[in-house]
Amino acid sequence: MNSPLQRSFLFVPATRPERIAKALNSDADTVIVDLEDAVAPHEKDLARHHLDEFLQATPEARVLVRINSTAQDIRKDLAVCARFSNVCGIMLPKAETCKQIELVAASRKPVWPIIETARGLVSMTSLAFTSGIERLTFGALDLSTDLNLEPGSPGAAIILDQCRYQLIVCSRSARLPPPVESVAPHIHDTAKVEQAAQKAAEMGFSGMLSIHPKQLPAIHKAFTPSSESLAWARKVLDTAQRHDGAFQLDGQMIDEPVIIRARTLLARAGE
């Protein structure tokens, strides 16, 4: 991985190894080499070959890999990924059963299940507690198709926000880190990307998937606390060292939940 921060996750197709190197040199916190949606069915073996060559040639690289969802392809994908320590985790698309997650976890790589089907959504209260999960990830575009939602409509937004609520609650219940938001389809309209990222941050997501480097500044802005928020957090923690229990600061009552909030803000900024 590129950064200790986990705000942005940039996809790059395994069939374009030159783009993997370029992505690793971008501002993305994490690069995801994609063996699934970005690769045509007839190019799956070629994609694995390119990934294998790239990982051998660049042992210093740290990447996640999004594998395929069919049992046959999963095993082939894992056979490549398990050989390399520079694969830091496996993104499992269309996660629907604990057995899928257990199969991937047997590779001894952290699992990042993507919740993007109705079956995965209703199974999430069980999936989240499966051993080996790093954190949950949201796949809004595939889920919209599976649920027959009208893309971009107010009705679809209501349903997808209900799904986001479930990811947040299930992640916290299973003591996982906050989940990762779905990609935004807008490449050139960075205002819409920032709007989506800001909403996800306000809802409790920790980062966002990305399909293009142009999206990264908007994502980072949304998921990085403001300088004012960080100054407040530092002041809270500095003052807390001189008090036992609750205290007042600038007219605000400060107790343990507020102190935890201050620590979380600083952690989000890498402090």
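1. Start with strand β5, residues 111-115, in this predicted model. Five of its five residues are buried, so the strand is largely enclosed by the rest of the structure. Buried here means under 20% relative accessible area.

2. Which residues of β5 sit on which side? V111, P113 and I115 are on one side, while W112 and I114 are on the other.

3. Now look at what β5 pairs with. Strand β4 (residues 87-92) runs parallel to β5, and the two are joined over three bridges. If you want a spot to check by eye, find L92, which stands opposite P113 in β5. To get from β4 to β5, the chain passes through helix α4 (residues 98-105), and this β-α-β crossover is right-handed.

4. β5 also pairs with strand β6 (residues 137-138), again in the parallel sense, over two bridges. Here the residue to look for is I114, which stands opposite T137 in β6.

5. On to the open spaces. Rolling a probe the size of a water molecule over the atoms shows where empty space is left. The largest pocket has a volume of about 840 Å³. It is lined by 32 residues, and the closest to its centre are P178, G204, S206, T264 and R268.

6. Which elements give two or more residues to the lining of the largest pocket? They are α8 (154-173), α9 (190-203), α10 (216-223) and α12 (256-268). Helix α12 gives the largest share, with seven residues. By type, the lining divides into 16 nonpolar, nine polar and seven charged residues.

7. The second largest pocket comes in at about 670 Å³. Of its 22 lining residues, G152, R164, P185, H186 and A196 are the closest to the centre. The lining divides into 11 nonpolar, six polar and five charged residues.

8. Where does the lining of the second largest pocket come from? Helices α7 (140-146), α8 and α9 each supply at least two residues, and α8 has the largest share with five.

Key
Residues are numbered from 1 along each chain as its sequence is written. This is a predicted model: local features need pLDDT of at least 70, side-chain atom pairs count only at pLDDT 80 or more; totals for chains, interfaces and linings use all residues. Side-chain values use heavy atoms; hydrogens and water are left out. Buried means under 20% relative accessible area, exposed over 50%, partly exposed in between (1.4 Å probe, protein chains only). Helices (H or I, at least four residues) and strands (E, at least two) are DSSP runs, numbered from the N terminus. Two strands pair if DSSP finds at least two bridges between them. A crossover is right-handed if, with the strands pointing away from the viewer, the path from the first strand over the helix to the second runs clockwise. On a 1 Å grid over the protein atoms alone, a cavity is a set of points where a 1.4 Å probe fits but cannot get out, and a pocket is an open set with protein on both sides within 12 Å along at least five of seven lines; lining residues have an atom within 4 Å of a point. Grid points are joined across faces, edges and corners, and a volume is the space filled by probe spheres set on the points. Ala, Val, Leu, Ile, Met, Phe, Trp, Tyr, Cys and Pro count as nonpolar, Asp, Glu, Lys and Arg as charged, and the others, Gly among them, as polar.
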